[in-house]
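Hi everyone, thanks for making time this morning. Let me put the sequence and the structure up, and then we can walk through them together.

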Amino acid sequence: MEQNKFKPHEKRRGWLKNNNPPGDFTKAPRCGAKTRKGTPCRAPAMRNGRCRLHGGKSTGPRTEEGIERIRRSHLIHGRYTREAIAKRKEFNELLRALKGTIKEVNHRYEDIDFKI
Ligand SMILES: [Zn+2]
């Protein structure tokens, strides 16, 4: 009876998937970022020393153009842009002034009742 040549835990050789170098991947350097549990992250680190979840994949846009592109893609309705907030503030100030004027007119001409 022929025996199986490979034992289940025999060290394998050759390249790993996704162009990763050969060798024991369990000995790869670890991320070490502080997790929500408070312990260091044990996921394998990427080139910059952090894992894919802790900034290994990307640290965000660097150029002005890239930052602007991200800003535009994250804009949903523009309600909270600086311009919209300033416009609302100006409108509310005008409205308050107008209400004050109407109150004054009502006070002066008591026989006419203006409303807004
Ligand atoms: Zn990590």
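First, a term: a residue is buried if 20 or more other C-beta atoms lie within 10 Å of its own, exposed if 12 or fewer, and partly exposed in between, with C-beta atoms placed from the backbone. What you see is a predicted model, where local features need pLDDT of at least 70, side-chain atom pairs count only at pLDDT 80 or more, and totals for chains, interfaces and linings use all residues. Residues are numbered from 1 along each chain as its sequence is written.

So, is Leu16 buried or exposed? Leu16 has 11 C-beta neighbours inside 10 Å and therefore counts as exposed. Leaving aside neighbours within four places in sequence, Leu16 is in contact (C-beta atoms, placed from the backbone, within 7 Å) with Pro22 and Phe25.

Phe25 turns up again with Pro44, which touches Phe25, Ala28, Arg30 and Cys51, not counting residues up to four places away in sequence. Pro44 is partly exposed because it has 16 C-beta neighbours inside 10 Å. Pro44 lies in the segment before α1 (64-74).

Now the whole chain: two helices and zero strands, where helices (H or I, at least four residues) and strands (E, at least two) are DSSP runs numbered from the N terminus. Buried residues make up 1% of the 116 residues.

And α2? Of its 27 residues, the number buried is zero, so α2 lies largely in the open. Thanks, all!

Technical notes
Contact = placed C-beta atoms within 7 Å.
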